[in-house]
Amino acid sequence: MLCIPKKNSEDSCKAFTCKRNKLQTKKFAAVPFNKRVVFVPHCMRNIAVCTAVEKNSCYICVECGGCKISEISKLVKELNYQALYVVKGGRAIQHIIKEQATKAIVGIACFFEGAQAFKILEKENVVVQFVALTKDGCVATDTDLIETAKVLKYNTVESVQSAH
Ligand code: SF4
């Protein structure tokens, strides 16, 4: 996974992802929860305690509570999402969405990776909502749980309007 874009590049990726998110939010809200998948970067894991199971290009979180992925995973199950994948790299995403016949995804990533994902997934029939990392890098990254939950819960046009 590519990390830490330069500042000017980060600003343009930020503007790009923000615009793409807004364009796709209502469409995303119309997709049933059970047709949506969440992608979380592996760098969010707390590697000092993580007991996630490595499988192909992903980790399966066992919700040990060692990092925020645990809370995200619980909410994803509560909402009846199709699945959550802790991915080692962006390349796994296209393969998974084809295999799962996914209609919408929530992707947590740095701005650079988010912008790349929007571009790559343009050709796929899938709606995307991006949630930015609040601390990027290649290890011990972080995101805002409130923002993540807000996006995961979008399920009506009203929920989108009240969140903006
Ligand atoms: S919550 Fe999941 S991803 Fe995070 S450290 Fe525990 S097993 Fe690993």
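In the predicted model, Tyr85 touches Val37, Val38, Phe39, Val40, Cys58, Ile96 and Gln100, leaving out residues up to four places away in sequence, where contact means heavy atoms within 4.5 Å. Tyr85 lies in strand β4, and at 15% relative accessibility it counts as buried; buried means under 20% relative accessible area, exposed over 50% and partly exposed in between, with a 1.4 Å probe and protein chains only. Helices (H or I, at least four residues) and strands (E, at least two) are DSSP runs, numbered from the N terminus. The C-alpha atoms of Tyr85 and Phe33, 52 residues apart along the chain, are separated by 15 Å.

Residues are numbered from 1 along each chain as its sequence is written, and side-chain values use heavy atoms, with hydrogens and water left out. Because this is a predicted model, local features need pLDDT of at least 70 and side-chain atom pairs count only at pLDDT 80 or more, whereas totals for chains, interfaces and linings use all residues.

The largest nonpolar core holds 28 residues, of which Val38, Tyr81, Leu84, Val106 and Leu152 touch the most other members; a nonpolar core is a set of buried Ala, Val, Leu, Ile, Met, Phe, Trp, Tyr and Cys residues joined through side-chain atoms within 4.5 Å. At least two residues of this core are supplied by each of α1 (7-29), β1 (36-41), α2 (69-78), β4 (83-87), β5 (104-109), β6 (127-135) and α5 (145-153), and the largest share, four residues, comes from α2. Another core, of 20 residues, lies apart from it and includes Val37, Ala92, Ala115 and Val126. Val106 touches Phe28, Val37, Val38, Phe39, Tyr81, Gln129, Val131, Val151 and Leu152, again not counting residues up to four places away in sequence.

The ligand is surrounded by 14 residues, the closest being Cys50, Cys61, Cys64, Cys67 and Ser70, where a residue is near a molecule if one of its heavy atoms lies within 4 Å of it. This shell divides into seven nonpolar, five polar and two charged residues; Ala, Val, Leu, Ile, Met, Phe, Trp, Tyr, Cys and Pro count as nonpolar, Asp, Glu, Lys and Arg as charged, and the others, Gly among them, as polar.

Several loop residues were also examined. Asn56, in the loop between β2 (53-55) and β3 (58-60), has a positive phi of about 50° although it is not a glycine, and it is exposed, with a relative accessible area of 69%. Ser57 is placed in the loop between β2 and β3 and is partly exposed, at a relative accessible area of 30%. Beyond four places in sequence, Ser57 touches Val86, Val87, Lys88 and Ala92, and the C-alpha atoms of Ser57 and Ile96, 39 residues apart along the chain, are separated by 10.0 Å.

Ala101 is found in the loop between α3 (91-100) and β5; it has a positive phi of about 50° although it is not a glycine, and at 49% relative accessibility it counts as partly exposed. Asn125, in the loop between α4 (111-121) and β6, is exposed, with a relative accessible area of 64%. Leaving aside neighbours within four places in sequence, Asn125 is in contact with Thr102 and Lys103, while its C-alpha atom and that of Lys68, 57 residues apart along the chain, are separated by 29 Å.
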